[in-house]
Amino acid sequence: MNENALEVLEQYDLEVTRSWKGRGVYFIEASQELYMLKEHRGSEEKMEKLWQLLNSLEKIQFFKTDLPVKNKEGQFLVKDTEGMSYLLKKWRDGRECDPRSEMDVCRCLEGLGILHDQARGIWEFESLQQRARYEGANLAEEMDRRTKELKKVQSFIRKKQKKSEFESAYLEVVPKYLNQAIEIGLKMKDSGYERLRSQAFEQGKICHGEYMQHNVLFDRSKMILTNFEHAHLNLQCEDVALILRKIMEKQGWRLSQGEKFLRAYEVVCPLGEQERMILALRLSYPEKLWKLANHYYHTNKAWIPAKNLEKLKLFVNQQKERERFVQKVIL
């Protein structure tokens, strides 16, 4: 971040006592409060919606949040002399959720359940066109797009005369997981997903969008939820799928742990039968293989890092455990 970014602080009604760099952000101490300044490419309208959501969550005893701060002109977004937009947020000090701590993760999933239970019907829209700007991605369409990319990479490698060790290994494993991806895509279309998604929009169900351990902090008494910039309307089991995948990959997809984590969420916010099916399909899709293929296809193929092959082998090993987890815990 450019040092000139600190100039934007003059647009706020703050008496800054000190500032220091973080990872891609600045931390600001002013009036005995802690703030964080970061570049932001969103809209003022979206920030108004986020303030409304976070202000609502702050009223729940369980939570603290990183509330955005308005400048002297009553705007959330300010610009520096080069036209870059910045966002100032109240920052809360806390300990990051430890993905290997059962207690931390259970509390994290419980917090997600409370968030989902409360984050409904908060946003109001003047028209369907306005609401559409806040609707999350269509998972069924996303799966179809990614499956086509898996096929494209397979076809590309097949045509190569000289293949690397990674490329040969990819051709060996991809048929099984490509068939799996196609089957999951078909099941998603028959799962009632589109109807449930439409209902989620109508009921105003809000997803965090990046609910993972890095964005969940703990202080002595409360859970601190941060970085809501990707919040949107959608089926809330999308958040559940993301945090479970992130955590269970580090937990080795252990069944007993997964059952406790999902139970912590469902005590507050139970999943319906169709939601469980969508969650199962979401977790079963070979997303790691798609990410690996996508990265390979869009980078220099004259030199393929050895890590690509390691990641491919790791994916194959973890996918077996993931499938077992889905069958035993989710379905």
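## Helices α2 and α8

Helices α2 and α8 are roughly parallel to each other, because angles under 35 degrees count as such. In this predicted model, helix α2 covers residues 102-118 and helix α8 covers residues 255-266, and the two pack at an angle of about 30° with their axes 7 Å apart. Their crossing is right-handed.

On the α2 side, the contact is formed by Glu102, Val105, Cys106, Leu109, Glu110, Leu112, Gly113 and His116, while α8 contributes Gln257, Lys260, Phe261, Ala264 and Tyr265. By residue type, this contact of α2 with α8 consists of seven nonpolar, three polar and three charged residues.

## Gln251 at the end of α7

Helix α7 spans residues 237-251, and Gln251 lies in this helix. Gln251 is buried, with a relative accessible area of 4%. Leaving aside residues up to four places away in sequence, Gln251 touches Pro99, Arg100, Ser101, Gln257 and Phe261. Among these neighbours, Gln257 and Phe261 also belong to the α8 side of the contact with α2.

## Cysteines

The count of disulfides in the model is zero. A disulfide requires a pair of cysteine sulfur atoms within 2.5 Å. For Cys106, the closest cysteine sulfur is in Cys108, at 9.8 Å, which is too far for a bond. For Cys237, the closest cysteine sulfur is in Cys207, at 7.8 Å, and this is likewise too far for a bond.

Cys106, one of the α2 residues in the contact with α8, counts as partly exposed, with a relative accessibility of 21%. Cys237 is buried, and its relative accessible area is 4%.

## Helix α10 and its surroundings

Helix α10 (residues 287-297) and helix α11 (residues 306-330) have axes that come within 9 Å and cross at roughly 165°. Angles over 145 degrees count as roughly antiparallel, and α10 is therefore roughly antiparallel to α11. The crossing of these two helices is left-handed. Lys288, Leu289, Leu292, His295 and Tyr296 of α10 make the contact with Asn308, Lys311, Leu312, Phe315 and Arg322 of α11. The residues of this contact divide into five nonpolar, two polar and three charged.

Within α10, the residues Glu287, Leu289, Trp290, Leu292, Ala293 and Tyr296 are buried. The elements that cover these buried residues include α4 (139-158), α5 (165-189), α7, α9 (273-284) and α11.

## Helices α5 and α11

Helix α11 also packs with α5, at an angle of about 25° and with the axes 10 Å apart. This angle makes α5 roughly parallel to α11. The crossing of α5 and α11 is left-handed.

From α5, the residues Glu165, Phe166, Ala169, Tyr170, Val173, Tyr177 and Gln180 meet Asn308, Leu309, Leu312, Phe315, Val316, Gln319 and Glu323 of α11. The contact of α5 with α11 comprises nine nonpolar, three polar and two charged residues. Asn308, Leu312 and Phe315 of α11 take part in this contact and also in the contact with α10.

## Tyr26 in strand β2

Strand β2 runs over residues 26-30 and contains Tyr26. Tyr26 is buried, with a relative accessible area of 2%. Tyr26 and Glu39 are separated by 13 residues in sequence, and their C-alpha atoms are 9.7 Å apart in space.

Definitions and conventions
Residues are numbered from 1 along each chain as its sequence is written. This is a predicted model: local features need pLDDT of at least 70, side-chain atom pairs count only at pLDDT 80 or more; totals for chains, interfaces and linings use all residues. Side-chain values use heavy atoms; hydrogens and water are left out. Axes are lines fitted to C-alpha atoms, for helices over the stretch in contact, and angles run from 0 to 180 degrees between N-to-C directions. Helices (H or I, at least four residues) and strands (E, at least two) are DSSP runs, numbered from the N terminus. Angles under 35 degrees count as roughly parallel, over 145 as roughly antiparallel, 65 to 115 as roughly perpendicular and the rest as oblique. A crossing is left-handed if the near helix is turned anticlockwise from the far one by less than a right angle, and right-handed if clockwise. Contact means heavy atoms within 4.5 Å. Ala, Val, Leu, Ile, Met, Phe, Trp, Tyr, Cys and Pro count as nonpolar, Asp, Glu, Lys and Arg as charged, and the others, Gly among them, as polar. Buried means under 20% relative accessible area, exposed over 50%, partly exposed in between (1.4 Å probe, protein chains only).
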